[in-house]
Each structure stands twice: as C-alpha cells, then as structure tokens.
Amino acid sequence: MPRLNFYRRDHGSTFSPLLLVLGAAILWSTGGLFIKATSLSAFELSFGRSLLAAITIAIVTRREGFGLNRISAVTSILYAVLLLSFVLATKLTTAANAIFLQYTAPVYVLILEPRFYKEKFRRRDLVTVAVCVGGMSLFFVGKLRPQDVKGNLLALASGVCFALFFLLLRHSKARDVNRASSAIYGNLIVVLICAPAFFGAMRKGIGTSDFACIAYLGIVQIGVAYLLFTLAMARGLRSLDASIVGYIEPVLNPIWVFLFVGERPSGWAILGGAIIIASVFAHMLVSATVKDRKGNAVE
C-alpha cells in the first residue's frame, strides 16, 4: 500500500512530534477566548466551527483519500461525542468542572495503553499524570462541586472519549486510511446534529464578528491544530505523551482570557499552571533524553 502523502516522514521532519502536539495544544487553548467573543449558542457555534474544520482538514489531506474502516469509523464517533459531550457538560455544570473532568483522559490512557499495545508501564508516566492532575485541581480549589451530576458525568464521558480517541489514532489499522478521516467525519456528524440550531440562528441574523469567530475556530483552532496533532501521532508519538502535553491547553486558556479580556486567574490557578507547565516540559526533556541514550535520533 502506498505511503500516505501528508503523513510521510519528511513532513515536519525538523520538528519533534512533541513540539507538533505542543503547537496543537496552544491553538486549542485559544478556543475559550474566541468562544467568549461570539454571541452564538454552543450548538450554533459548533455547526459552523465543525463544518469549516471538516473542510480545512479534507482539503489538506485530500490526497490520502476519504476511506473508512472499522477503526476510523469508531474514532469518528468518539470524536463527535467528545466535542458534543464537552459542550453539553459546559452548559450543565461549571466550565471549570467540565475541563477538569475532561482532562482526566491521561489517567485512562495510562491504564489502557499498556493493555492496548502491550507496552511497558513506566513509573515516570504515573508521576507526571499525578502531578498534572494535582496541578489542575488547584485551578478549582473551593469550586469543584458535587452537584450538577449530569454535567459532570458528560464531562467524564468526554474524558473517556478523549482517551480512547488518542489510543485508536495509534492503531495499526488507522494507517490504512487517511488518519484525518476520523476528524473529518466526526466533525460532519456534529454538523448534522447542530444544523437545526444554526439555521434557526440564521433566520434571526448572524453578525460579521460572529462569522469571524466561527472562521478562526473552525479553520485554525480545530483544523490546523488537528493536522499538527495527527502528524505527530503519525510519527509514532505515544498516546500518553501526547495527552500529557495536551495539559498545556487548559493552562493557557485562562491566560489568553486574562490578557485580552482582563479576567484574572486566581493565585491557586497560577500556581497550578506553573506546576503543570514544569511537569510537562520535564516529561518532554526526560523522554527525549531516554530516547537519545538508546541510540535513536531525538526527533
């Protein structure tokens, strides 16, 4: 079977897969700022964002085709559920609860990845995940409430889907088709579900600034970010490494909001962010050092 063009080895060869995921996480982290800038509801926004994301990813990866197999079909459904369950969770419970519970994903990856791919369990993975979860908890000291059970359960479901999505992107059969097909079809599933809400909003009128936010969120914040992420996974990055670096997203999100909106994070949040950033970069450095000692080129 011919090698897929977009994911061939020389694409992004000057960048470490960890840096590609870091770039994706930074772009993902800008979502909160632009979502705050639009007056559209979550479902109205999701329609436009997912439609443009699907088109962007399809254009860039079109030479790889749009085939589906059992693994990519399941991954597409997981991706759609991931997007929608997080939006619903944010509506039903606090945004803090939703993002914290979604970012329990590395814990599930830590447990499942050795079983999925028969890899050796590494003690430093457990330490890094534990430190990251501890740092995330500092964002919500005194705010993580037991109520809003439905929203919390949806956020947990989003985290489970997030973990399974990471894992299935590494599956050998994911390489038999366009790796981005899961995002293309997953976003199209979201488009179908959210279409009634969007066309209802169209009848009322959508402003230019709202369309600008939709364009950025769809093309850049999801489209470009997802392409960076899947390129990193195609180069052999472990699911747990990718999900740990992904912790940069919830750390930077409130920073962008503070810089451009003036909403100041709490002292606990600043401390938690410092812990997570230090932990993520320490994990990246240790992983690169270990790989180098084994005689492999540090990518």
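Met284 has its place in helix α13, where helices are DSSP runs of H or I spanning at least four residues, strands are runs of E spanning at least two, and both are numbered from the N terminus. With a relative accessible area of 9%, Met284 is buried, a class defined by under 20% relative accessible area, whereas exposed means over 50% and partly exposed lies in between (1.4 Å probe, protein chains only). The C-alpha atom of Met284 is separated by 8.1 Å from that of Val245, the two residues being 39 residues apart along the chain.

The model is a predicted one, in which local features need pLDDT of at least 70 and side-chain atom pairs count only at pLDDT 80 or more, while totals for chains, interfaces and linings use all residues. Residues are numbered from 1 along each chain as its sequence is written, and side-chain values use heavy atoms, with hydrogens and water left out.

The secondary structure of the protein comprises 13 helices and zero strands, and of its 299 residues, 52% are buried. Among the helices, α1 (residues 17-29) and α12 (residues 248-261) have axes that come within 8 Å and cross at roughly 40°, the axes being lines fitted to C-alpha atoms, for helices over the stretch in contact, with angles from 0 to 180 degrees between N-to-C directions. The arrangement of α1 relative to α12 is therefore oblique, given that angles under 35 degrees count as roughly parallel, over 145 as roughly antiparallel, 65 to 115 as roughly perpendicular and the rest as oblique. The crossing in which α1 passes α12 is right-handed, that is, the near helix is turned clockwise from the far one by less than a right angle.

Ala232 is found in helix α10 (residues 208-234) and, at 0% relative accessibility, counts as buried. Although Ala232 and Leu19 are 213 residues apart along the chain, their C-alpha atoms are separated by 8.3 Å.

On the surface, a nonpolar patch is formed by Val127, Val131, Val141, Trp268, Leu271 and Ile275, which together have about 490 Å² of accessible area. The elements that contribute two or more residues to this patch are α7 (123-138) and α13 (267-293), and the largest share, three residues, comes from α13. Patch members have over 30% relative accessible area and no salt bridge, with like charges joined within 9 Å and nonpolar side chains (Val, Leu, Ile, Met, Phe, Trp, Tyr) within 5 Å; a salt bridge is a side-chain nitrogen of Lys or Arg within 4 Å of a carboxyl oxygen of Asp or Glu. Accessible areas come from the Shrake-Rupley method with a 1.4 Å probe, and for residues only the protein chains shown count as cover. Ile275 lies in helix α13 and, at 30% relative accessibility, counts as partly exposed.
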